[in-house]
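Me: I would like to go through this structure with you, starting with its pockets. Please have a look at it first.
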Amino acid sequence: MRKKSLYIILFLVVFINANTPLNYINQLRVKAGAFKLKYNTVLSKAALKHAKYVSINQELSHYENISSIGYYAATPWNRITKAGFKTKLVVENISFFEPNYKASIDKLMGTVYHRLAFLYLGVDSLGYARYNNIYVYDMSNTQVANICSKHYKNSPMVIEDICSNNTDIVPKSLFDKLTASLQKRAKRVIIYPYKGQQGVGVEGIEETPKFSYNSFGYPITATFNNYYGNKVDLIEFKLFNGVKEVLTRVVTNSNDINNKIRKNTFVLVPINRLKRKTTYRVFLKARVNGKLKELEWSFTTL
C-alpha cells in the first residue's frame, strides 16, 4: 500500500512541475532550437518587486518612478543587481491582464521583440513572478554573474559596465568564451513557430514598442546561431499556403523601426492575418559564411 501511494505522489509532482512557467518556456525554447533555462530565485525576487510596483501604480512599463508607491529600483538591471545578482545583463518581459501564466507566455510569443527575448541565446537563467494580473519575467546569465564576482582588474581587452559593481570589468576573451559555450548548445537556426507546431495564432500581437503601425499576420522568426557562422546573407524567406505564396515582408536589424532586432535575425511578417486551421509551409534560404543553408518546415494555425 505504501509503495502504491508513493507512485501516486511522484506522479503528481511530475505533473505539477511539467506545468510551471519555467517548463513551458523551456519546452518552447527547445522545440524552437534553443536550450533550457534554469530557475533563479534572485531574478524572481526582482521580478516580483516590479510586478507589485506595476500592479499598484498601473504603470505598464519596464521602468519605475522613485516617487511612486512600491518603488524598488528604476530599471530592470538596477532591480536584479539590487536583489543580489552580480551582473547588469538582463532581458525582461512583461505582460498584463492574462488569466494565467500560459496565456501570458503565449501572448508574448505572438509578438516579435518579446518572443526574441524568450528565445535569446545570451541568457541561461530565468526568474518570474505574478502579482494580481501582472506577469514579469527576468532573464540573465549566471556565468557572467560568476565572473563578475571575481573582480578582474587587468586585461588587454575588457567589457565595462556589465557587473553590479561599476568598477569591475570582465575580460572580453572570457566573456566571448562563455557566450560561445551557450551558443553551441543550441541549433544552427532558432525558428518560431517551430517545426510541426499546432495551434499557432493567426495575427501578430501588439507590443511596446510597436513593431508595426499596422495589423499583421502571425510573425515567423529565424535567428542564425553565431556560433556556426556570423556572416549571414538572406536569399529567400517565404510563406506558403499550399502552393500559393502568402504576401509577406521581411524585417531585419537594418530596417527595424525600433532597432531592437539583433544581427542575423530575420522576421517574416504576413501582411494579412493567417487563416484558421490551416497548415502553412515556410521556406528559408541563406548563405552562412559562404555556405548555402536551406530550411523548410510547416506549422498549423488554431
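Me: Which helix supplies the largest share of the lining of the second largest pocket?
Reply: This is a predicted model. In it, H2 gives three residues to that lining, the largest share. Helix H2 (21-32) and H5 each supply at least two.

Me: How much space lies in that second largest pocket?
Reply: The second largest pocket holds about 310 Å³. Of the 18 residues that line it, Asp106, Gly199, Val200, Gly201 and Leu302 are the closest to its centre.

Me: And how does its lining divide by class?
Reply: Nine residues of the second pocket's lining are nonpolar, five are polar and four are charged.

Me: What volume does the largest pocket have?
Reply: The volume of the largest pocket is about 1400 Å³. It is lined by 48 residues, and those closest to its centre are Val91, Tyr113, Ala117, Lys260 and Arg262.

Me: Which element gives the most to that lining?
Reply: E2 does, with six residues. By class, the lining of the largest pocket comprises 22 nonpolar, 18 polar and eight charged residues.

Me: Changing topic: how many disulfides does a search of the whole structure find?
Reply: The search finds one. It joins Cys148 to Cys163, with an S to S distance of 2.1 Å. Cys148 lies in helix H7 (residues 142-148), whereas Cys163 is in the loop between strand E5 (158-159) and strand E6 (170-171).

Me: Are Cys148 and Cys163 buried or exposed?
Reply: Both Cys148 and Cys163 are buried. Their link is left-handed, with -80° about the S-S bond.

Me: Lastly, what is the strand order in the open sheet of four strands?
Reply: The order is E10-E9-E13-E14, with antiparallel pairing. Strands E10 (244-245) and E14 (291-300) are the edge strands.

Conventions:
Residues are numbered from 1 along each chain as its sequence is written. This is a predicted model: local features need pLDDT of at least 70, side-chain atom pairs count only at pLDDT 80 or more; totals for chains, interfaces and linings use all residues. Side-chain values use heavy atoms; hydrogens and water are left out. A disulfide is a pair of cysteine sulfur atoms within 2.5 Å. Buried means under 20% relative accessible area, exposed over 50%, partly exposed in between (1.4 Å probe, protein chains only). Two strands pair if DSSP finds at least two bridges between them. On a 1 Å grid over the protein atoms alone, a cavity is a set of points where a 1.4 Å probe fits but cannot get out, and a pocket is an open set with protein on both sides within 12 Å along at least five of seven lines; lining residues have an atom within 4 Å of a point. Grid points are joined across faces, edges and corners, and a volume is the space filled by probe spheres set on the points. Ala, Val, Leu, Ile, Met, Phe, Trp, Tyr, Cys and Pro count as nonpolar, Asp, Glu, Lys and Arg as charged, and the others, Gly among them, as polar.
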